[in-house]
Amino acid sequence: MNKFPDDFFWGASTSAHQVEGGNIHNDWWLAEQSGALKEPSGQACRHYELFREDFAIAKELGHNCHRFSIEWSRIEPQEGKFQDSEIQHYHKVITELRNLGMEPVVTLHHFTNPLWFSQKGGWTKFKLQRYFLRFVEKMVREFSGEVKFWITINEPLVYSSHAYLLGCWPPQERSLLKTVKVTLNMAQAHIKAYSLIHKIYQDKALARPMVSIAANLQAFELCRPTLKNKLAVYLRHKLYNLYFIEILLRKKTLDYIGVNYYSRNLVDVESWGIVHLLADTCKHNHHPLRKNSLGWDIYPQGLYKLLVSLKKYNLPVFITENGICTEDDDLKWDYIREHLGQVYKAREEGVNVLGYIYWSLIDNFEWAEGFAPRFGLVNVDYQNQRRTIRPSAKKLSEVSKTGLI
Ligand code: GCO
């Protein structure tokens, strides 16, 4: 049997809008009310009230860390009007985690924006970054004594492409120019936030924090070994996986690399055009794999390959998300076990992986897909908000408690 080190982090993740319920002051809520999305988030998992119960479950499962996000639109529902009661709420959240012996990993932007911010133009406008930075400064001054691990922005490229290129998330636009602007503005915002966060810790004579983003990495694989496909795999890995990280690395603004990994992208390009090179995938079910309930390929080896490809940056890596939506709990356990095997293998190869955070602790609101996909370690019955721990969660908990796989 293989053993992870005793100080390895084991945990699960959530994000505010997906679990809390009642986040009425953000851009998602508005889009949900307009009927433009599959279903509204509504009360979601009522985690805002039930966080203590949910954390007690995580504790029982042997977790020693927990990732969650602070909802900016709760803290600042109107421009410049900061809500002390909401700040106090997140103090309670963090205190509860600390009391249970779980290291908080705190995300500052997880896809949602305060409505006032998005109505001014949101991330498309360079100048508006200052509002995000003001929020970051406030949060970090508030929570620096209790938090070591920060994630400034979750999956910036997923956000910019879904909201501004594919048009499936608010504000549902289709503009390449805006997509590029949003991506670069988010990179700039992270770079400034990084210095800001470090400065606050220095001023307060606190130990150095660990600051990163959560980068969505995909395994780009060849369907057929043609020249077009090889070029496409190379370009996509560079552009979608590494480009953003490398901007931040050049400015020395990553203390670790947060990795969100789910699936494979099977590259098969029809013609030489740039759009084809950047987007075409195999449509013929060549090299079939097991799939999650959203049809994403299950490809554990991809995680190993990606982790090894990050080795050259010489930074610790934190798996900040990895998970599967499925009704088949045996498949869920296979997914987790096999991915952990790949993490172990990458560690053997010298990749300094600090921890593994499963997505998600509880079933939740999967954005444009609504509540149907079941990613949770814990089943949520949305009729009565009852939580039921899945057998796969108990198996993972054995690993978390012993380190053995
Ligand atoms: C993301 C987000 C999560 C998702 C999860 C499953 O990666 O898109 O961080 O909010 O719910 O990844 O798709």
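**Exercise 1. Which residues of α13 are buried, and what covers them?**

Solution. In α13, the buried residues are Asp-329, Leu-331, Lys-332, Trp-333, Tyr-335, Ile-336, His-339, Leu-340, Gln-342, Val-343, Tyr-344 and Ala-346. Buried means under 20% relative accessible area, exposed over 50%, partly exposed in between (1.4 Å probe, protein chains only). Helices (H or I, at least four residues) and strands (E, at least two) are DSSP runs, numbered from the N terminus. The cover over these buried residues includes β1 (9–13), β6 (257–267), α12 (300–309), β7 (317–322), β8 (353–359) and α14 (391–402). Contact means heavy atoms within 4.5 Å.

The model is predicted: local features need pLDDT of at least 70, side-chain atom pairs count only at pLDDT 80 or more, and totals for chains, interfaces and linings use all residues. Residues are numbered from 1 along each chain as its sequence is written, and side-chain values use heavy atoms, with hydrogens and water left out.

**Exercise 2. Check the span of helix α13.**

Solution. Take the 20 residues, 329–348, at 1.5 Å a residue. The expected span is 1.5 Å times one less than the number of residues.

Now look at the ends. At the start, a side-chain oxygen of Asp-328 comes within 3.0 Å of the backbone nitrogen of Asp-330. After the helix comes Gly-350, with a positive phi near 100 degrees.

**Exercise 3. Is Ser-69 buried or exposed, and what does Ser-69 touch?**

Solution. Start with the place: Ser-69 is in strand β2 (residues 65–69). Its relative accessibility is 5%, so Ser-69 counts as buried. Leaving out residues up to four places away in sequence, Ser-69 touches Thr-14, Ser-15, Ala-16, Glu-20, Tyr-90, Thr-107 and His-110. A polar atom of the Ser-69 side chain lies 2.7 Å from the backbone nitrogen of Ala-16.

**Exercise 4. Where is Lys-252, and is Lys-252 buried or exposed?**

Solution. Lys-252 lies in the loop between α10 (227–250) and β6. At 67% relative accessibility, Lys-252 counts as exposed. Its phi is positive, about 50 degrees, although Lys-252 is not a glycine.

Terms used. Polar contact = N/O pair within 3.5 Å; in protein donor to acceptor, adjacent residues only side chain to side chain.
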